[in-house]
Amino acid sequence: MTSPASASHGGTAVAAPWPKYTVLLPTYNERENLPLIVWLLVKYFGESGYDYEIIVIDDGSPDGTLEVAEQLQKIYGEDKILLRPRAKKLGLGTAYIHGIKHATGSFIFIMDADLSHHPKFIPEFIEKQKEGDYDLVSGTRYQGDGGVYGWDLRRKLISRGANFVTQVLLRPGASDLTGSFRLYKRKVLEGLIERCVSKGYVFQMEMIIRARQLDYSIGEVPISFVDRVYGESKLGGNEIVSFLKGLLTLFATT
């Protein structure tokens, strides 16, 4: 990795500080997955040399996720692992808002804690963002070497169908609307969350739609999405119905 750029200050070269990256990890019943995802994040950030912090936002998990997070904080340090729990499940958007309040990074990663998003792609996200000074970089399962592994035919059809219908109705300018592995400039993420009204699985899609409306630049990185190793998927019939309702609402209002 190249050394930090230098800036002239009073005739003296002063090293410009590296940007800091904050990872927001909302969790609910992820005690088995959390130790591995944190270890992988520490590994890949450490190898790449970027400054980082990981904020775990646990929504009152009954399986003891918070207790596991407390042990991880002791192992890796309070400067790297920040715990910002909430009493109960309050939604993904509010989890991000809660996490941002405590973040010190100028760039923010959002990703799932269930190992479906591999931290090995993080250096690629960072390089992509630098390449075009993108306002946000989104992981895509549907371009280049991207793909989905571990899903049955039903899940694949739902995901593909959701993306296809969304592309036709909203023309968002991105290939993967429902994915949740993304890198944002902090101020961009703050502004988008303020404008988003959707909840559940529609939330991530609305974030991209609003970004397009505001003329934010979007880069994409092909990723391999792997179905969760431990725990149960939170996608059910109610979520599918909510997605369709949310999609129609966005179509009518954007």
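## Basis and confidence

Residues are numbered from 1 along each chain as its sequence is written, and side-chain values use heavy atoms, with hydrogens and water left out. Because this is a predicted model, local features need pLDDT of at least 70 and side-chain atom pairs count only at pLDDT 80 or more, while totals for chains, interfaces and linings use all residues.

The protein chain has an average pLDDT (the predictor's confidence in each residue, from 0 to 100) of 81, and 70% of its residues score at least 70. Among its elements (DSSP runs numbered from the N terminus, with helices being H or I of at least four residues and strands E of at least two), strand β6, residues 107-110, has the highest mean pLDDT, 98, whereas strand β2, residues 12-15, has the lowest, 36. Over residues 1-16 the pLDDT stays under 50, and for this stretch the model has 18 contacts (heavy atoms within 4.5 Å) beyond four places in sequence.

Buried here means under 20% relative accessible area, with exposed over 50% and partly exposed in between, for a 1.4 Å probe and protein chains only.

Leaving aside neighbours within four places in sequence, leucine 25 is in contact with residues including Leu34, Val38, Leu41, Ile54, Val56, Met111 and Asp112.

## Helix α7

Helix α7, residues 202-213, has its end C-alpha atoms 16 Å apart, which agrees with the 16 Å that its 12 residues should span, the expected span being 1.5 Å times one less than the number of residues. The helix is largely enclosed by the rest of the structure, because 10 of its 12 residues are buried; among them are Phe203, Gln204, Glu206 and Arg210. Aspartate 215, which follows α7, has a positive phi, near 60°.

## Pairing around strand β9

Strand β9, residues 182-185, pairs with β6 in the antiparallel sense over four bridges, where pairing requires that DSSP finds at least two bridges between two strands. Leucine 183 in β9 is the bridge partner of phenylalanine 109. Strand β7, residues 136-140, also pairs with β9 in the antiparallel sense, over three bridges, and serine 138 stands opposite arginine 182 in β9.
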